[in-house]
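Subject: Structure handover and notes

Dear colleague,

I am passing on the structure below, together with my notes on what was found in it. Please read the notes with the structure open beside them.

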Amino acid sequence: MTGFGFVLRGVFLFLMVCLMGPGSSYAEGNPQTTQDLGMSGTIGEEPIAMIITLENRTHPTKAHYSSASAQKIIPLTVQVTGNHVVLSGQDKEVFTLYFVSGSREKTDPLSFYTASGMQGMWSDGTKTLPVSLQFVLSRDHLTDCIFYPHHLPNDKPIPAEKRCEQDADMAALRQCIQSPYTSDDAVESCINAALKTCHPDQRTTNLCVSDITVYLDRTIRQRLASRTPHGLTEQSYPLWLKQVTQSCLDTSGFSPEGTGFAADIGFCVAEEKLRLLQNALQPMPQRIRSERPRH
């Protein structure tokens with residue numbers, strides 16, 4: 001793939017995340033696409049990561065899981081029947097799961113892209129343990145380690161030298177989320193701090209920025225679903241996000257053909273999301289980037 005083609009694909013995937021969200025339906029009639037769906041969860045009390053590769057966001061073609069302690073990849077076969085998913089692994093391992101929804105509005109039937117996760121049981125023939133999985137991120141080339149516990153709230157971070165190459169510093173980001181808004185400069189510093197653990201090449205930067213925007217989006221949606229509405233609501237947030245994304249596109253100093261375009265848009269949207277969280281979900285009257293920057 002040419003550099004130009006890679007950038008356009010990166011921009012397309014990023015805008016899909018921003019404008020649709022990880023749980024949105026995918027319009028029919030689009031060309032066939034293949035993406036990884038990454039999950040974080042537990043078998044019993046053991047943290048695990050699971051990645052399922054999907055065609056057109058519906059048909060699973062391959063899958064595997066790994067535990068955070070052993071970090072050994074275990075291939076799985078997948079069978080989906082309605083709301084139920086059976087994943088079979090090595091040594092008689094079987095996951096018997098069902099889709100769950102995190103929305104107040106019940107959607108039926110649930111699927112990999114209308115559900116928020118899966119629950120059920122795991123068995124190896126000698127013991128049976130409960131399983132809980134949350135759908136976290138969908139994109140190309142996912143790595144298990146970004147779904148281990150240091151990506152989840154309230155867990156101790158893994159030292160930077162042991163992180164994935166494309167792993168943003170989520171501990172630093174969570175600390176910023178909990179801080180009140182003080183200035184746009186402070187918001188920008190927070191996003192830069194979260195990116196410090198990422199390898200500086202453009203592809204990794206794009207992936208890190210995407211991780212940050214998705215993490216912030218998930219945090220916003222969780223807070224909107226669990227609080228009495230004031231300011232933005234679950235219904236008004238998608239429109240706000242669409243407007244913010246368009247503003248970032250309109251004020252970008254990068255050409256769409258440039259290698260830094262996708263990361264620039266993602267960085268801008270991440271700043272807006274973080275500022276929204278710091279300001280108790282109250283939108284600010286002016287965009288964080290109100291004019292096209294000069295280079």
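Which residues in H2 meet which residues in H4? Before the reply, a word on the source: this is a predicted model, in which local features need pLDDT of at least 70 and side-chain atom pairs count only at pLDDT 80 or more, while totals for chains, interfaces and linings use all residues. Residues are numbered from 1 along each chain as its sequence is written, and side-chain values use heavy atoms, with hydrogens and water left out.

On the H2 side the residues are Met 170, Leu 173, Arg 174, Ile 177 and Gln 178, and they meet Asp 211, Ile 212, Tyr 215, Leu 216, Thr 219 and Arg 223 of H4, where contact means heavy atoms within 4.5 Å. By class, this contact of H2 with H4 divides into 6 nonpolar, 2 polar and 3 charged residues; Ala, Val, Leu, Ile, Met, Phe, Trp, Tyr, Cys and Pro count as nonpolar, Asp, Glu, Lys and Arg as charged, and the others, Gly among them, as polar.

The overall plan

The protein has 6 helices and 8 strands, both taken as DSSP runs numbered from the N terminus (helices H or I, at least four residues; strands E, at least two). Read along the sequence, the pattern is α-β-β-β-β-β-β-β-β-α-α-α-α-α. Of the 295 residues, 45% count as buried, a term that means under 20% relative accessible area, with exposed meaning over 50% and partly exposed in between (1.4 Å probe, protein chains only). Among contacts between residues at least 6 apart in sequence, 56% join residues at least 24 apart.

The cores

A nonpolar core is here a set of buried Ala, Val, Leu, Ile, Met, Phe, Trp, Tyr and Cys residues joined through side-chain atoms within 4.5 Å. The largest one has 35 residues, and those touching the most other members are Leu 173, Ile 191, Leu 195, Ile 212, Leu 216, Tyr 237 and Leu 274. At least two residues of this core come from each of helix H2 (170-178), helix H3 (184-195), helix H4 (202-225), helix H5 (237-250) and helix H6 (261-278), and H6 gives the most, with 9 residues. Apart from this core lies another, of 25 residues, among them Met 50, Leu 76, Tyr 113 and Phe 135. As for Ile 212, if its neighbours within four places in sequence are left aside, this residue is in contact with Ala 168, Met 170, Leu 173, Ile 191, Ala 194, Leu 195 and Ala 270.

How the helices cross

Axes are lines fitted to C-alpha atoms, for helices over the stretch in contact, and angles run from 0 to 180 degrees between N-to-C directions. The axes of H2 and H4 come within 12 Å and cross at roughly 40 degrees, which makes H2 oblique to H4; angles under 35 degrees count as roughly parallel, over 145 as roughly antiparallel, 65 to 115 as roughly perpendicular and the rest as oblique. The crossing of H2 and H4 is right-handed, a crossing being left-handed if the near helix is turned anticlockwise from the far one by less than a right angle, and right-handed if clockwise.

The axes of H4 and H6 come within 9 Å and cross at roughly 25 degrees, so H4 is roughly parallel to H6. This crossing is left-handed, and the contact of H4 with H6 has 11 nonpolar, 6 polar and 3 charged residues. H3 and H6 also have axes that come within 9 Å, crossing at roughly 115 degrees, and H3 passes H6 in a right-handed crossing. The contact of H3 with H6 has 7 nonpolar, 2 polar and 4 charged residues.

Single residues to look at

Asp 217 is found in helix H4 and is buried, with a relative accessible area of 2%. Asp 217 and Tyr 237 are 20 residues apart in sequence and 10.0 Å apart in space, C-alpha to C-alpha.

In the segment after H6 you will find Ala 280, which has a positive phi of about 55 degrees although it is not a glycine, and which counts as partly exposed at 36% relative accessibility. Leu 281 is also placed in the segment after H6 and has a positive phi of about 65 degrees, although it is not a glycine either, but Leu 281 counts as buried, at 1% relative accessibility.

With best wishes
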